[in-house]
Amino acid sequence: MSNIIHAPVGFVSGATYPFRALVFLRRTPRLWSYVLVPILVNIVAGIGLYVGLLLPGLNGIDGLVATLDARTDALIAGLPAWLSVLDFLDTGLGWLLRFLLVALLLVAIGFLLVQFGVILGSPWYGQLSEQLELSRTGKLPKAEGGVAAIPRDIGRALLFELNKLLLLIQVGLPLLLLNFLPGFGTAIASVGGIVLAATLVCLDFLDAPLERRRLSFKDKLGIIRRSLPASASFALVCLGLISIPLFNLLAVSLCVTSGTLFFCDQIWPSFNEGLENQE
């Protein structure tokens with residue numbers, strides 16, 4: 001009963017973290033240096049992605065919708081005159097399809113921007129996350145530094161990306177096949193695709209504090225699951241922010257900051273003992 005009562009509160013709380021991060025950064029100028037360089041990196045990566053994917057994608061959507069309109073117009077032309085109302089319905093469905101496809105294209109570009117932005121900006125984001133956690137909790141887990149740790153850290157980073165790719169394939173492929181079932185299957189695939197994208201985004205933005213504790217990919221997914229519903233609303237808001245053209249060039253840094261704040265407030269108090277035992 002307690003979980004049911006606190007679920008709405010947790011859902012609302014999780015959604016506020018990107019905005020809490022904005023306030024926190026505004027009040028902490030000493031951290032700006034860890035954010036400005038990644039933003040410049042995001043701008044360069046974003047220009048490349050938008051030029052390379054957005055314009056061709058919009059042209060492809062226009063072509064697809066035009067082809068479907070032409071086919072449905074041909075079918076409607078052969079129907080009795082009293083069914084001409086279907087022409088208005090066809091126009092409405094065409095605009096709805098265009099809207100959905102453009103939204104999915106923006107989400108896909110935003111998702112790719114996160115992947116490039118987080119990887120390229122990781123040296124600065126790692127230091128930003130450490131400073132945030134130290135400020136919020138007063139301590140950091142023991143770091144196993146030195147030159148010998150570099151190959152292992154690179155290996156763990158590559159393994160993390162590989163596990164995300166495997167998760168994308170294992171879940172995304174069945175969702176893709178569901179699109180061949182008209183109506184109900186397409187709806188399930190759309191919702192499932194958003195959930196999958198939000199999960200991957202959540203993994204990216206929570207990874208810095210979780211990786212400091214050398215957690216496995218399975219453990220990271222488990223922590224996200226146990227942090228529901230706050231982790232769900234946090235991930236959905238971040239996914240929305242990174243899908244807004246131009247604004248997402250700033251949103252990646254904001255969401256990385258909010259991920260560490262979310263960890264310190266929502267995860268660390270509940271799982272501190274269990275996490276520290278895994279160091």
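Which residues are linked with R136 in a network of salt bridges? The network links R20, R136 and D265. I will come back to that after a word on the model.

This is a predicted model, in which local features need pLDDT of at least 70 and side-chain atom pairs count only at pLDDT 80 or more, while totals for chains, interfaces and linings use all residues. Residues are numbered from 1 along each chain as its sequence is written, and side-chain values use heavy atoms, with hydrogens and water left out.

Now the salt bridges. Side chains of opposite charge can pair when their charged atoms come close. Here a salt bridge is a side-chain nitrogen of Lys or Arg within 4 Å of a carboxyl oxygen of Asp or Glu. That rule gives eight salt bridges.

One of them joins the side chains of R136 and D265, at 3.0 Å from N to O. R136 sits in helix α5 (residues 122–137) and D265 in helix α10 (residues 248–276), so this pair ties together parts that are 129 residues apart in sequence. Helices, for the record, are DSSP runs of H or I with at least four residues, numbered from the N terminus. R136 is partly exposed, at 37% relative accessible area, and D265 is partly exposed at 26%. On those words: buried means under 20% relative accessible area, exposed over 50%, and partly exposed in between, with a 1.4 Å probe and protein chains only.

Next, E211 and K220. Their side chains meet in a salt bridge at 2.8 Å, N to O. E211 is buried, with 16% relative accessible area, and K220 is buried as well, with 3%.

Then there is helix α6. E161 forms a salt bridge with K164, and their closest N and O atoms are 3.2 Å apart. The two are three residues apart in helix α6, which means a separation of about one helical turn. E161 is partly exposed at 27%, whereas K164 is buried at 5%.

L162 is in helix α6 too, which covers residues 149–178. L162 is partly exposed, with 43% relative accessibility. It belongs to a nonpolar surface patch made of L159, L162, L165, L166, L168, I169, L173, L176, L177 and F180. Together these residues have about 960 Å² of accessible area, computed by the Shrake-Rupley method with a 1.4 Å probe, with only the protein chains shown counting as cover for residues. Patch members have over 30% relative accessible area and no salt bridge; nonpolar side chains (Val, Leu, Ile, Met, Phe, Trp, Tyr) are joined within 5 Å, and like charges within 9 Å.
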